[in-house]
Amino acid sequence: MIDLPNVSLVCADTTRSRAYLQNLSRAGFRPAKVLVLAKPQADLPGQSRTILVERPLNAENDPLWQTAHFDPNSSLLEDITANGAPFNVLDLTDINHPDVVAGVAALPGDTVLYSGFGGQILRAAILAAGKQFLHVHGGYLPDFRGSTTNYYSMIEEAAIGASAIFLTAEIDAGPVLMRRRFPVPPDRTQIDHLHDSAARATVLCEVLQVYNRTGNWPDAEVATTETARTFYVIHPVLKHIAVFREPAKRNRQ
Amino acid sequence: MTSYTYADRNLLVENEHYFYSVLQGPPFLNAYRTARAEVLKGLTEGGGRQPPEKCAYPTGTDDIRTADLLNALEWDLDDLWLGKLVQRFEITKRLYPIYDNRLRKHAGEANDVTLYARLACILAAELGHAQDLRWLNTLLKLNDTLCSVTNAQREPVTQMLRFSLTAEDAAIKFWEGSSP
C-alpha cells in the first residue's frame, strides 16, 4: 500500500464512496484517515433504496467497468477496513454541520478527497477548515457543469466524463486537475450508480498516481477560451433519450 | 402500463424535483407523447400572446418584478439574465412575482401561470435558433407545470402553451434523431 500522509478522505454511505474506496485499494492508495458521514436509512441523494445490480450488462466489453469495477452493495466500513486506513464515523449527513467542520479540520494533511452526499454545497465554514477539497465532478469540465451532466454529454457527444477539481465557493468552477472522456458504455441503464462512480473513481486514482509520482497535483491546463455551461437535473424525457436512443441515430450529430 | 406521471398532479401545489428519476424503458417516451398530445388537443382558442413591451433590464438595488424581467427578455434577449431566471426556476421549480435585486430572495405567491408560460415561450423561441439542451430541459419542466394545472388556470395562456409544446415536440424529435 502507498500511504498518503497528506491526504484524508471524507466519505458518505453512497455508491460513489464504495467506488472510491474499492478503487483506491485496488490502486494501492491508503489515505491518512477516513471520516465517514453515515446515518442509516437517511435516504439521501446518492444512496440507493434497493439492492443495486452488481455489474452492468455486457461488462466484459465495457472498458470503463473493467478498469474501475466495484461492488455497489458492499459494506462501507468493510471497504474502509480492507483499505486499512484509520477512520472515524459521525452520525451526521450534513457536510456543513459544525461537528463535521470540526472533524474535517482535525483530519491529517492539507487535502481532503471529498465524497459526501449528493447535492450538498460546501459553505464558507467548511471551505475555511484549513483543507483543500479534491472533488471529482461527474462530467467533463468546463463544458458540463452542474447536475446529471453525463446524461447531457451522452446525448450531445456519445460520451461521459469526469473531472477532478479543487472545490471553491462557485459550483464546479475550481481549478481542474484532470479530466477524462469515456465512450458511452454498452449498458447505458446503470449510469447513476455504476458508470458515473466508476468514471469518477478512475480519474481520482489517476490524479493520485500523478501526485504520488511527482509530489504535485496535476493541472489540466484548461484554456481560457473554453466555455462553461451549467446544467440542472435532467428531465426524465431527456434521460430516456440519453439511455434508449439507438446508437446509429446518436452518432448522427 | 407505463404512464407519464410528471404532470399528473398540480405541480404548483405538489412540487416535482426530478432527482434520480426512474428509468422506465422506451414505452415511457410514448406515454409522454400521449400525455402531451392530450393536453394539446384540449387547448381552447384564445389566451393569446401580447406583443412584447420595451423594458430595460434591472440595474439598481430595487426589487425585480418578474413580469418586467420577462418583458426585457422578450424585447431583447440577454443570455445572462435568461440564465439567472432559469436558475431561479430550476432550483425551486417556482417563479415568484418579485425577487430582490440579486434575483435571490423572493416575495409573493408562485401561482401566476402567465410567468411560467412566458418563460416557456422565450425558451421555445430560443430552441428555434439553436438546439440547446439546457433550454430544452427547463422547457420540459415549465411545460410539465403548465400541463399539470387546471383548465381554468391554463385558460389565459393556451396560445402560449400551444407554442411552447410545439417547440418542445420539435426539439425532442431533433434529439431523438427524427426529422424535426
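Helices (DSSP runs of H or I, at least four residues) and strands (DSSP runs of E, at least two) are numbered from the N terminus. What you're looking at is a predicted model, where local features need pLDDT of at least 70 and side-chain atom pairs count only at pLDDT 80 or more, while totals for chains, interfaces and linings use all residues. Residues are numbered from 1 along each chain as its sequence is written, chains are lettered from A and ligands numbered from 1 in the order in which they are written, and side-chain values use heavy atoms, with hydrogens and water left out.

**Where the two chains meet**

- Chain A brings 27 residues to the contact and chain B brings 32 residues, with contact meaning heavy atoms within 4.5 Å.
- Together the chains bury about 2,700 Å², and 70% of that is on carbon and sulfur atoms. Buried area here is the accessible area (1.4 Å probe) that two parts lose on being put together, summed over both.
- On the chain A side, Tyr232(A), His235(A) and His240(A) lose the most area to chain B, together 24% of what that side buries.
- What does turn up across the interface is 10 residue pairs in polar contact, both at pLDDT 80 or more. A polar contact is a pair of N or O atoms within 3.5 Å; within protein, one must be able to donate a hydrogen and the other to accept it, and residues adjacent in sequence count only if both atoms are side-chain atoms.

**What chain A puts into the interface**

- Four elements of chain A give two or more residues each to the side that touches chain B: helix H6 (149-157), helix H7 (191-214), strand S11 (230-231) and helix H8 (236-244).
- H8(A) gives the most to that side, with eight residues.
- By type, the chain A residues that touch chain B split into 13 nonpolar, seven polar and seven charged. For this count, Ala, Val, Leu, Ile, Met, Phe, Trp, Tyr, Cys and Pro are nonpolar, Asp, Glu, Lys and Arg are charged, and the others, Gly among them, are polar.
- Eight of the nine residues of H8(A) are buried, so this helix is largely enclosed by the rest of the structure. Buried means under 20% relative accessible area, exposed means over 50%, and partly exposed is in between (1.4 Å probe, protein chains only).
- Among the buried residues of H8(A) are Pro236(A), Lys239(A) and His240(A).

**Histidines to click on**

- His235(A) is in the loop between S11 and H8 of chain A, and at 0% relative accessibility it counts as buried.
- Beyond its sequence neighbours up to four places away, His235(A) touches Tyr4(B), Tyr18(B), Asn137(B), Leu140(B), Lys141(B) and Asp144(B). Its side chain also reaches the backbone nitrogen of Val237(A) at 3.0 Å.
- His193(A) lies in helix H7 of chain A and is buried, with a relative accessible area of 14%. Its side chain makes a polar contact with the side chain of Thr15(A) at 3.1 Å.
- His17(B) is in the segment before helix H1 (27-42) of chain B, and it's partly exposed at 38% relative accessible area.
- Not counting residues up to four places away in sequence, His17(B) touches Val233(A) and Lys93(B).

- Arg181(A) lies in strand S10 (residues 176-183) of chain A and counts as partly exposed, at 39% relative accessibility.
- The side chains of Arg181(A) and Glu157(A) are joined by a polar contact of 2.8 Å.
- Arg181(A) and Ala159(A) are 22 residues apart along the chain, and their C-alpha atoms are separated by 6.3 Å.
- Glu14(B) counts as partly exposed, at 46% relative accessibility, and its side chain makes a polar contact with the side chain of Arg9(B) at 3.4 Å.

**Cysteines**

- The count comes to zero disulfides over all chains, a disulfide being a pair of cysteine sulfur atoms within 2.5 Å.
- The sulfur of Cys205(A) is 14 Å from the closest cysteine sulfur, in Cys11(A), which is too far for a bond.
- Cys55(B) is in no disulfide either, as the nearest cysteine sulfur, that of Cys121(B), is 18 Å away.
- Cys205(A) is buried, with a relative accessible area of 8%, whereas Cys55(B) is partly exposed at 23%.
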